[in-house]
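Take a look at the protein below.

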Amino acid sequence: MKDVIIACDFSSKEATLEFLDKFTGRKPFVKIGMELFYAEGPEIVREIKKRGHKIFLDLKLHDIPNTVRKAMKVLSGLDVDMTNVHAAGTIEMMKAALEGLTRPDGTRPLLIAVTQLTSTSEERMRGELLINAGIGETIVKYASNAAEAGLDGVVCSPLEAGMVKEACGAGFLAVTPGIRFADAAADDQVRITTPLRAREIGSDFIVVGRPITAAADPVAAYNRCLEEFVYGKTDC
Ligand code: C5P
């Protein structure tokens, strides 16, 4: 079940497909975010799907329940494998998202929730959002709300995967960005860990961008992620 998702943070179809063309063996699970989706539209999803990749469509929906239900109904037709909403939209909104995403035959992509963005500090939560609870408490509460709404898991820092599982159960998915190799730069990420450590803490999926997309040999970097995270090899 554990897998590595490559964050395809490219701004055009050409750049994305040129990158994916390098993967001649195993077809990686890929994340398509707002930049690429807004630039290229649903066609980019169909194209990448046609090439045999699983897709996490990372659009982080957050609106009134009725609007989210209808938007999710459209996305369910795109045949992605995973998509997401903001838990801040409330349990009612998450339930509506799930309803909209569920196809007439009962199948649906995995639906996960963003708890607090990793760019939101406790200081900003308190000063701007008037949330006085600690960031850990907020994340666990938002994850519990997502579980209550029937969602499959949350996006969180790999360092938070353990407490999310403790609160919501081992089967509740932890999808974790913020991954760096032990011998690499952190870039702008703060709460980071290695693929191997993310495996040990309990992540189900790691989302890896620059350590693969900006590597001199992206396929080798992807394989290193697989070896550490999926197969637990310590000597990579
Ligand atoms: O390049 P890097 O490995 O930092 O990319 C991580 C990916 O995960 C990016 O697409 C980023 O937007 C996304 N992400 C994140 N932190 C979150 C949610 C999403 O880094 N809390």
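## Ground rules

Rings of Phe, Tyr and Trp (its six-membered ring) pair if their centres lie within 6.5 Å; planes under 30 degrees apart count as stacked, over 60 as edge-to-face and the rest as tilted. This is a predicted model: local features need pLDDT of at least 70, side-chain atom pairs count only at pLDDT 80 or more, and totals for chains, interfaces and linings use all residues. Residues are numbered from 1 along each chain as its sequence is written, and side-chain values use heavy atoms, with hydrogens and water left out.

## Aromatic rings

F10, F19, F23 and Y222 form one aromatic cluster. The whole structure holds five aromatic pairs. In one of them, the ring centres of F10 and F19 are 5.1 Å apart and the planes meet at 45°, so this pair is tilted. Both F10 and F19 are buried (under 20% relative accessible area; exposed is over 50%, partly exposed in between; 1.4 Å probe, protein chains only).

The rings of F23 and Y222 have centres 5.5 Å apart and planes at 85°, so this pair is edge-to-face. F23 lies in the loop between α1 (13-20) and β2 (29-33), and Y222 in helix α11 (residues 218-230), so the pair ties together parts that are 199 residues apart in sequence. Helices (H or I, at least four residues) and strands (E, at least two) are DSSP runs, numbered from the N terminus. F23 and Y222 are both buried.

## The barrel

Eight strands form a closed barrel, in the order β1-β2-β3-β4-β5-β6-β7-β8, with parallel pairing (two strands pair if DSSP finds at least two bridges between them). Strands β4 (residues 82-86) and β5 (residues 110-114) pair in the parallel sense over five bridges. Here M82 stands opposite L110 in β5.

Helix α11 packs on the sheet, touching β1 (3-7) and β8 (205-208) (contact means heavy atoms within 4.5 Å). The direction of α11 makes about 145° with that of β1.

## Two positive phi angles

Most residues other than glycine have a negative phi. T90, found in helix α5, has a positive phi near 85°. At 42% relative accessibility, T90 counts as partly exposed.

Phi of L130 is also positive, near 60°. L130 sits in the loop between α6 (122-127) and α7 (135-148). Is L130 buried or exposed? At 66% relative accessibility, L130 counts as exposed.

How values were computed:
Axes fitted to C-alpha atoms, helices over the stretch in contact; angles between N-to-C directions.
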